[in-house]
Amino acid sequence: MGVRRGWKRRLALWAVAGFAALAGPMREPPGAVACAAAVGSALFLLLFALGIRQLLKQRRPAGFPPGPRGLPFIGNICSLAASAELPHVYMRKQSQVYGEIFSLDLGGISAVVLNGYDVVKECLVHQSEIFADRPCLPLFMKMTKMGGLLNARYGRGWVDHRRLAVNSFRYFGYGQKSFESKILEETKFFIDVIETYKGRPFDFKQLITNAVSNITNLIIFGERFTYEDTDFQHMIELFSENVELAASASVFLYNAFPWIGILPFGKHQQLFRNAAVVYDFLSRLIEKASINRKPQSPQHFVDSYLDEMDQGKNDPLSTFSKENLIFSVGELIIAGTETTTNVLRWAILLMALYPNIQGEDSFDDLR
Ligand code: HEM
């Protein structure tokens, strides 16, 4: 009872303080009330200013692509999350209404969505320099401090890391004659597993993921991981889950209102937990891959990166670091694996649906 009375008294004090602040100094309030009045009105003003700022941020700038109207404060995040369809289906429907280029308001963060081969090519290929930068979203800041490879800001780190990645892929990968035989070797492991099912149905996803990631692993670590290596598979699963979580409504909300990060629950916390496990695992893989390293005689991407780190030791502006190495390795694995795996899964589905496109003739056409 005493506690409840205490709350009521405090509430009454706050209410009096609020009115006192609004009504002006009719009479000199006692010290505690004056203090509460000041804090109350400061809080009120702060919330008011933040609300106005958020609403202003949500205004669609002149000339910006059209898009569905959003709710105050959270914009279209709610529609994305509450829609009965998956986010990409919701977005495809919006593109039927607003065109191939439309915009969404992700809680004050303006996003432009491209839907169509020509517009994507125009943006990523013809205007690549304009779109090369990455937005400083709270999620990217927290995960990679805008470093690494995929999320690096357009600057020295961006250039250095892309140059090293492209050179490594050429030097240890597709630029080597022996690489084709290594891919064929992986294909043989892949087919061997399929044959164990003796025509029975099974889910291709895990197997394709393992096979595809192994091609990238050869370039990054100089070795493949067996399909029985559950630790590596678990790391990829967590990373894939993070790709999905990063596009979830809760994480969009975190990007719009980063103070949500103080809540000890939610999808953003799951994402941070997964990332910690993934980075720890990758750091151990990197250590293992560099055990027999001979400086300036690289055998794979990790060796080349460590050589760059050595060279940049006395350069305070060098962007090569242990932390960025871990981010880059993880990003290369996931960028190559998720995408290629999904393309192959779609291809297999289409071949199953249209058996007439299977067989030697179709592959000759592709060549
Ligand atoms: C069918 C397979 C693939 C698809 C559909 C695909 C798609 C994409 C897309 C849409 C981007 C974003 C481009 C941008 O924002 O500028 C991207 C970037 C990237 N992808 Fe792929 N990708 C595929 C395979 C791969 C593979 C095999 C690797 C390497 C192992 C890879 C590594 C990267 C990297 C490093 C980036 C960042 C490039 C940059 O920001 O400049 N991708 N990919």
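Predicted model: local features only at pLDDT ≥ 70, side-chain atom pairs only at ≥ 80, totals over all residues.
View 1. The ligand is surrounded by 13 residues, counted when a heavy atom lies within 4 Å of the ligand. The closest are R134, L150, R162, G336 and T339. By type, the shell holds seven nonpolar residues (Ala, Val, Leu, Ile, Met, Phe, Trp, Tyr, Cys and Pro), four polar and two charged (Asp, Glu, Lys and Arg). Helix α14 gives the most to the shell, with six residues; helices are DSSP runs of H or I of at least four residues, numbered from the N terminus. Residues are numbered from 1 along each chain as its sequence is written. Local features need pLDDT of at least 70, side-chain atom pairs count only at pLDDT 80 or more, totals for chains, interfaces and linings use all residues, and side-chain values use heavy atoms, with hydrogens and water left out.

**View 2. The largest nonpolar core.** A nonpolar core is a set of buried Ala, Val, Leu, Ile, Met, Phe, Trp, Tyr and Cys residues joined through side-chain atoms within 4.5 Å; buried means under 20% relative accessible area (1.4 Å probe, protein chains only). This core has 44 residues, and F221, M235, L282, F301 and V329 touch the most other members. Helix α12 gives the most, with ten residues.

**View 3. Surroundings of M235.** Beyond its neighbours within four places in sequence, M235 is in contact (heavy atoms within 4.5 Å) with V278, F281, L282 and I333.

Methods: Buried < 20%, exposed > 50% of the residue type's maximum accessible area, 1.4 Å probe, protein only. Helix = DSSP H or I, 4+ residues; strand = E, 2+ residues; numbered from the N terminus.
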